[in-house]
Amino acid sequence: MINFATRKTTCPIGHILAYLGCTLLFFSQLSARQSGEINAYRLSGDEQVVLDGRLEEGFWGKVGAATAFRQQEPMEGQLATEQTAVQVAYDEKNLYLGVRLYDSEPDQIKAFQRRRDADLSTDDLFAFILDTYDDQRSAFYFEINPVGLMGDGILRTGQGARINRDWNGIWRAWVSQDDKGWSAEIRIPFMTLSFDPRNDAWGINFLRTVRRKNETSLWMGHQRNQGIERPQNAGKLRGLSDINQGIGLEAIPYAIVSRNSSKELPETSPSQQFSYNAGGELNYNITPNLKAGITVNTDFAETEVDNRQVNLTRFPLVFPERRDFFLQGANVFQFAPSSNPNPYFSRRIGLEGGNPIPIKHGARVIGRIKQTDVGFIQVRTDAAGSLPGENFTVGRVVQNFSNESTVGVIYTRRNTDGDSLPMRETFGADLNLSTSRFLGNKNLQFESFFVGHTPNSYDESGSLLDRSVRGLRVNFPNQPWDAHVSYREFGVNYAPAVGFVPRNGFRRLQPTFTFNPLIDRSKGIRELSWQYYFEYLMFMDWRPATVNHNLRFLGIRLESGDIFYLNVHQNYENLDFLFDVLRDGRYLIPEGIYKNRGYSLEIQSAPFRKFGGNLRYKNMGFWTGRQATLEADLFCGLWQG
């Protein structure tokens with residue numbers, strides 16, 4: 001137990017005492033770190049949190065801390081050079097984190113970013129996850145930097161797992177800097193989270209980066225094949241009891257009134273026209289694990305615009321979902337994300353060619369029933385111009401079993417007013433077997449899936465195999481060896497009515513092997529890297545269509561954090577149709593076989609530098625000629641908090 005205070009100390013003795021106290025705290029909490037458990041402290045009625053980031057409240061002295069963070073980078077398993085202590089308290093409605101991040105050079109703390117959910121690869125940061133079901137499969141992710149920027153997301157384990165940063169929870173962070181480093185107080189309302197109130201234990205883990213040292217440390221799961229995005233390697237938060245989400249009711253109404261005034265002639269009186277519009281969303285927690293929502297006359301005026309993309313390929317680009325109604329619980333609808341069969345793509349609802357289609361009403365149920373994740377969406381769109389109104393239905397069920405594995409099914413249906421085909425349905429199943437204990441402490445994953453759909457028109461020919469996709473994948477995501485191999489088949493008529501398919505009618509075999517050994521730090525090099533990527537894509541009659549060989553001839557990551565890659569490429573294309581590169585008839589590529597070679601150079605500067613960025617040069621054969629591409633992503637950080 002220790003009471004963290006942030007009063008400034010200007011004498012050297014003060015610094016010495018502070019670091020001695022920190023060292024004693026590490027060893028006093030060593031047993032807690034080794035067991036991977038911390039206890040949450042229940043605030044009494046007269047104990048209040050003054051949210052200023054300073055941890056000066058008396059009750060913090062009664063709260064046990066998670067300490068003795070260990071390095072993932074650069075010296076795996078060594079104690080962090082700048083230590084961190086995290087305490088957790090709670091009351092009936094909120095969870096509180098008190099965080100002390102010691103730093104021997106507080107004037108060197110890096111904090112450039114100010115926009116929510118900004119990329120914090122340039123900054124010092126503190127991040128943590130909450131596995132509120134303690135099922136080692138999903139978690140809420142939160143991060144802050146030393147000036148209080150907040151980022152969050154949701155993650156689900158499995159192949160291709162990543163943090164969905166489009167999710168924005170309701171929470172706050174207060175940060176303070178002093179001569180010991182920086183500290184933070186974080187408040188998360190329980191209404192933001194989904195959890196089972198009968199469980200008194202959650203999965204929890206913490207990560208910290210010290211950017212100037214290129215150092216990453218974690219409380220638990222510090223090995224290179226583990227990390228903050230793996231709830232399987234998290235510790236436990238115990239002692240939670242008598243918590244609730246309130247009535248769990250949220251209303252988001254809107255109303256728009258506009259007036260249009262016009263005059264036909266200068267001497268005539270102006271005519272005025274008024275228009276009105278209103279609608280909104282209503283969300284309700286049926287149980288702490290199951291949330292329902294309805295939307296009426298939905299307005300997406302505040303939705304972030306898409307990033308511009310340039311497409312020089314033969315196939316359409318995918319743009320991510322940004323509308324909040326469809327982002328809620330989006331991780332439940334993930335289906336074989338590493339292979340991208342995409343039986344459900346939410347941008348097929350209420351959007352056509354990038355233009356919005358009015359949504360009259362919709363309903364959503366997302367959550368968990370015991371060990372089963374469920375998701376259901378029903379949406380009705382209105383007619384728009386020549387486009388008729390439509391009904392959309394999406395259902396997803398994922399059953400968790402064993403320690404880290406799942407099996408799931410998905411169903412979608414699309415009904416179009418006046419269409420001769422009454423409905424278009426899609427159905428699929430996926431299996432994910434995963435373990436983090438292969439050969440003792442290695443990760444191993446297996447994924448398989450099948451998706452098929454009914455005909456999209458009465459005159460459509462072909463069998464179910466032509467309207468389906470199937471595949472499997474084996475993944476070995478570890479360090480220094482990382483490898484996977486996948487095989488999948490997309491039928492020639494595969495086009496799910498509520499999905500997204502950039503290409504069909506192919507078979508694809510794709511293995512990748514990577515070797516990333518760490519190097520003696522005295523040489524100024526932290527890591528070397530080699531990788532071989534092979535893609536063999538065939539037509540359905542087994543003729544080769546595309547063959548790619550990509551070899552990372554050498555990758556170097558310096559101790560400073562700067563990265564250099566040299567790659568060589570070889571490409572084979574069997575073009576079976578006339579390709580209009582710019583879609584304007586100026587550059588036409590005739591049918592035929594094309595073989596090309598090339599190379600690429602990539603330089604990434606250490607993110608903590610005030611001037612830097614990424615520079616990539618690629619010189620590669622491009623159909624009948626050559627293409628030289630220079631890409632630069634530069635930044636200039638002239639100030640920080």
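Which residues form a nonpolar patch on the surface? In this predicted model, the patch consists of Phe513, Tyr532, Leu551, Phe553, Phe564, Val568, Tyr599, Leu601, Ile603, Leu615 and Leu630, which together have about 960 Å² of accessible area. Strands β31 (544-558), β32 (563-575) and β35 (592-604) are the elements that give two or more residues to the patch. The greatest contribution, three residues, comes from β35. Leu551 is a member located in strand β31; with a relative accessibility of 34%, Leu551 counts as partly exposed.

The protein chain as a whole contains three helices and 37 strands. Of its 641 residues, 51% count as buried. The accessible surface of the chain amounts to about 30,200 Å², and carbon and sulfur atoms account for 55% of this area. Among contacts with a separation of 6 or more, 60% involve residues 24 or more positions apart.

In soluble globular proteins, nonpolar side chains tend to be buried together. The largest nonpolar core of the present model comprises 39 residues, of which Leu95, Phe126, Trp202 and Phe206 touch the most other members. At least two residues of this core are supplied by each of β5 (84-90), β6 (94-102), β7 (125-131), β8 (138-144), β9 (150-156), β12 (181-189) and β13 (201-210).

Ten of its ten residues are buried, so β13 is largely enclosed by the rest of the structure. In a regular strand the side chains alternate between the two faces of the sheet. In β13, Ala201, Gly203, Asn205, Leu207 and Thr209 point one way, while Trp202, Ile204, Phe206, Arg208 and Val210 point the other way. The strand pairs with β7 in the antiparallel sense over seven bridges, and Leu207 of β13 is the bridge partner of Ala127. An antiparallel arrangement is also found with β15 (residues 235-238), to which β13 is joined by four bridges; here Ala201 stands opposite Arg238. Four bridges likewise join β13 to the antiparallel strand β14 (residues 215-218), where Leu218 is the bridge partner of Leu207. Strands β13 and β14 form a hairpin with four residues between them, and Asn214 in the turn has a positive phi of about 60°.

The whole structure contains 30 salt bridges. One of them joins the side chains of Asp135 and Arg368, with an N to O distance of 2.6 Å. This pair links distant parts of the chain, as Asp135 lies in the loop between β7 and β8 and Arg368 in strand β21 (residues 359-369), 233 residues apart. Asp135 counts as buried at 6% relative accessibility, and Arg368 is buried with a relative accessible area of 5%.

A further salt bridge connects Arg414 with Glu390, whose closest N and O atoms are 2.9 Å apart. Arg414 belongs to strand β24 (residues 405-416) and Glu390 to strand β23 (residues 390-401), so the pair ties together parts 24 residues apart in sequence. Arg414 is buried, with a relative accessible area of 7%, and Glu390 counts as buried at 11% relative accessibility.

Glu527 and Arg557 also form a salt bridge, the closest N and O atoms being 3.3 Å apart. Because Glu527 lies in strand β30 (residues 525-538) and Arg557 in strand β31, this pair ties together parts that are 30 residues apart in sequence. Both Glu527 and Arg557 are buried. Salt bridges with shared partners join Glu73, Arg224, Arg526, Glu527, Arg557 and Glu559 into one network.

Notes:
Residues are numbered from 1 along each chain as its sequence is written. This is a predicted model: local features need pLDDT of at least 70, side-chain atom pairs count only at pLDDT 80 or more; totals for chains, interfaces and linings use all residues. Side-chain values use heavy atoms; hydrogens and water are left out. A nonpolar core is a set of buried Ala, Val, Leu, Ile, Met, Phe, Trp, Tyr and Cys residues joined through side-chain atoms within 4.5 Å. Buried means under 20% relative accessible area, exposed over 50%, partly exposed in between (1.4 Å probe, protein chains only). Two strands pair if DSSP finds at least two bridges between them. Contact means heavy atoms within 4.5 Å. Accessible areas come from the Shrake-Rupley method with a 1.4 Å probe; for residues, only the protein chains shown count as cover. Patches are made of residues with over 30% relative accessible area and no salt bridge: like charges are joined within 9 Å, nonpolar side chains (Val, Leu, Ile, Met, Phe, Trp, Tyr) within 5 Å. A salt bridge is a side-chain nitrogen of Lys or Arg within 4 Å of a carboxyl oxygen of Asp or Glu.
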